[in-house]
Amino acid sequence: MSADLVQPALVLSLVLFVVGALGVFLRRNIITVFMCVELMLNAVNLAFIAFSRARGTLDGQVLVFFVLTVAAAEAAVGLAIIIALHRGQDTLDVDAFRILKW
Amino acid sequence: MVTGVLEDRLVVVLPFMVLLLPLAGFIVLCLFGDAIRRHGESRGAGILACVTVLASFGLSVWSVIHLLALVGGKDGLRFSQPYLGVEWMEAGGFRVPLSLLLDALSAVMILVVTGVGGLIHVYSLGYMAHDADNVRYFSYLNLFTFFMLLLVLGGNLPLMFVGWEGVGLCSYLLIGFWFKKQSASDAGKKAFIVNRIGDAGLILGMILAYHAFGSLDLVEIADNAGSLAPEALGQFGAVTAVCLLLFVGACGKSAQIPLHVWLPDAMEGPTPVSALIHAATMVTAGVYMVARLAPLYTRSATALLVVATIGAATALMAATIALVQTDIKRVLAYSTISQLGYMFLACGVGAFGVAVFHLFTHAFFKALLFLGSGSVIHALSGEQDMRRMGGLRRLIPWTFATFLVGTLAIAGIYPLAGFFSKDAILASALGKYGNAFFAVGLLTALLTAFYMSRLLFLTFFGAYRGREHHVHESPPSMLVPLVILAVGSAVGGFVEIPRFVQPVFRLGAHEEGHHAWLPWVASLTAIAGIAAAYYLYVMYTELPARLAAAMRGAYRVLERKYGFDDLYDWVTRRVVVDGSRTVLWEGLDVSVIDTAVNGTGAAFRALARGSRTLQTGLVRGYALVMLGGAVALVTYLLWVR
């Protein structure tokens with residue numbers, strides 16, 4: 001990635017993050033929401049890479065590895081929770097899961 | 001040489017044997033009491049109790065003889081501190097050894113306790129013969145003797161305190177011996193509670209004594225007291241504080257104002273108990289303690305004045321109340337309180353030896369009077385009201401004869417015991433504190449002679465006013481102790497107790513003021529009292545009622561016993577109980593503490609009710625809030641800061 005690609009990469013990251021965030025807020029299917037969260041994570045990863053490139057240090061790339069690890073773990077746990085939820089309620093609608101309230 | 005070693009060991013072992021024999025009797029009766037009763041051998045139980053106490057008396061005599069054979073130290077003081085090498089407790093520098101102290105003072109006391117106590121045990125054989133529960137009775141009596149001996153033999157204050165509490169317990173048990181009677185169990189509780197009030201002072205006094213003098217050993221305290229700085233009148237240093245606190249305990253045990261209220265009620269117990277515990281031995285424990293700590297008390301002018309004042313006030317007050325009592329035992333009870341006051345008066349004017357002398361003679365004639373009254377009550381099958389007696393002198397002549405000796409002894413007629421000790425007290429009080437205590441003493445002596453003669457005349461003279469027709473003389477087991485005590489009351493005054501115990505007090509030689517006129521004045525006072533009683537209760541028997549009617553107010557005050565009971569009743573009911581309910585419970589607890597606690601809870605409930613609506617359960621809502629928070633944070637970091 002050459003230096004002049006930094007700005008487009010950041011723009012792409014922003015676009016991906018906004019798409020992900022909108023997906024989290026607007027979509028009701030829990031799997032879609034989950035995928036959007038992943039999208040947001042990867043958007044942030046892209047931003048890290050871009051900053052790393054721009055500053056010429058490896059700090060950003062190191063952070064990406066951490067994020068990837070957390071994302072992998074989150075995917076495993078999250079999917080398991082989704083399966084359990086689906087078994088319990090027979091639906092994937094996020095708004096159906098609202099028993100944890102006063 | 002061999003005999004010498006043997007002699008020394010005896011001095012160590014004998015007092016312990018004196019002490020432990022009655023305890024052994026108690027343990028046997030305690031463990032095998034039921035078996036003994038099932039075999040119908042309750043009489044055997046009584047005999048066992050008598051044997052242990054009489055054997056203890058024999059050993060006491062033996063150990064006192066050994067004591068007298070010891071080489072006297074400075075001031076001619078002979079004492080031994082038997083110690084078997086066992087500690088009761090030990091913590092750091094503080095140690096309480098199980099050690100006894102046998103000196104002239106405790107010698108007099110153990111002889112009185114086991115001697116008079118033994119006679120009362122024998123008397124009880126006859127008196128309690130018809131009681132189904134007499135095994136329990138004798139076990140208590142033995143336990144009491146043990147604790148009383150521990151009280152007078154204990155070599156340090158904590159050990160004395162164990163005996164002190166133990167006799168209190170036995171007093172409670174024996175007052176409430178007929179516990180199915182409400183008044184008896186009430187009287188037991190009253191005695192116990194009033195004594196606890198005094199004991200609180202005693203404990204505080206002991207703690208302060210250890211703090212101030214660094215030792216609780218009676219000999220060490222007495223030895224070191226001489227080096228303490230004397231405290232003048234109105235100066236409240238450590239010595240005065242210790243003496244006054246210990247005197248609070250003495251007031252409780254010896255029934256002095258204001259803690260005297262339990263003793264008259266204690267007459268609910270069996271009569272021999274009244275004679276043993278509430279006349280001859282336990283109630284004199286306070287006098288014993290003050291005399292035991294005489295070196296300390298003489299260091300504090302304030303403490304001595306307080307002791308003398310309380311003693312004089314009690315002597316006079318109790319004597320006046322005794323004038324109007326109609327229950328034969330209650331007259332004697334108030335008489336006991338009055339005589340104990342007399343002893344404290346003697347202590348207060350510095351005549352500790354004389355106080356012990358009066359304690360000694362009083363043990364004889366008061367035990368005799370109580371046992372005599374028990375014999376009267378026994379003869380009349382339980383009647384105690386003197387208004388239903390009269391004319392008994394021909395029906396129960398032995399009881400009358402011994403009772404007469406007792407009455408004359410307490411009134412102070414020469415040559416009976418009371419004359420000498422009372423005369424010595426008056427002589428000691430003469431010329432001290434502007435003769436105030438001498439005047440009170442003389443007035444009390446007059447009243448004593450009067451009310452005791454009144455009792456004698458109402459009971460034994462005039463016409464019989466009772467309903468019981470089968471009036472019978474008591475069995476020999478009751479009469480023999482009466483006769484022995486009568487002999488003791490007659491000759492006890494010739495024993496020179498003051499000179500014997502004087503070295504214990506470390507005061508130097510006992511100097512007794514010699515006033516040739518004093519015995520005449522004292523005797524005339526006593527005769528005047530007796531004559532007045534004769535005039536009122538034998539010659540003109542309708543006069544007392546007219547007198548009472550004429551002096552209605554004074555009579556009422558005496559009948560209400562100066563209102564002490566009413567005052568305490570009012571304080572506990574109105575102040576303690578009602579005050580606790582209205583002020584502490586309804587006022588403080590309900591309105592302040594409960595409101596604060598409940599208010600805290602209510603406030604947090606209201607807060608929670610408002611804030612819990614935030615939790616909708618909608619995940620996207622939470623996400624939105626998170627986003628809002630993130631945007632706000634970033635905005636703040638980028639632009640505002």
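Trainee: How many positive and negative side chains does chain A have, and how far apart do the centres of the two sets lie?

Mentor: Chain A has 7 positive and 7 negative side chains, and the two centres lie 5 Å apart. Lys and Arg count as positive, Asp and Glu as negative; His and the chain ends are not counted. Each charge is placed at NZ of Lys, CZ of Arg, CG of Asp or CD of Glu.

Trainee: What should I know about the model itself?

Mentor: This is a predicted model: local features need pLDDT of at least 70, side-chain atom pairs count only at pLDDT 80 or more, and totals for chains, interfaces and linings use all residues. Residues are numbered from 1 along each chain as its sequence is written, chains are lettered from A and ligands numbered from 1 in the order written, and side-chain values use heavy atoms, with hydrogens and water left out.

Trainee: Which elements make up chain A, helices or strands?

Mentor: Three helices and zero strands. These are DSSP runs numbered from the N terminus: H or I of at least four residues for helices, E of at least two for strands. The order is α-α-α from the N terminus on.

Trainee: Is chain A compact or spread out?

Mentor: Its radius of gyration is 17 Å, well over the 13 Å that the globule rule gives for 102 residues, so chain A is more spread out than a compact globule. The radius is taken over C-alpha atoms, and the rule is 2.2 Å times the number of residues to the power 0.38. The C-alpha trace spans about 50 × 25 × 25 Å along its principal axes.

Trainee: What share of the residues in chain A is buried?

Mentor: 27% of the 102 residues. Buried means under 20% relative accessible area, exposed over 50%, partly exposed in between (1.4 Å probe, protein chains only).

Trainee: On to cysteines. How many disulfides are there over all chains?

Mentor: Zero, by the rule used here. That rule wants a pair of cysteine sulfur atoms within 2.5 Å. For B:C170, the nearest cysteine sulfur is that of B:C30, 11 Å away. B:C170 is buried, at 0% relative accessible area. For B:C251, the nearest is that of B:C347, 12 Å away. B:C251 is buried too, at 6%.

Trainee: B:A255 and B:Y562: buried or partly exposed?

Mentor: B:A255 is buried, at 0% relative accessibility. B:Y562 is partly exposed, at 38%. B:Y562 has a positive phi as well, about 60 degrees, and is in the loop between α23 (552-559) and α24 (564-611) of chain B.

Trainee: Last one. What does B:S60 touch?

Mentor: B:V18, B:I110, B:L111 and B:T114, not counting residues up to four places away in sequence. Contact means heavy atoms within 4.5 Å. B:S60 is in helix α2 (residues 42-69) of chain B, and is buried at 0%.
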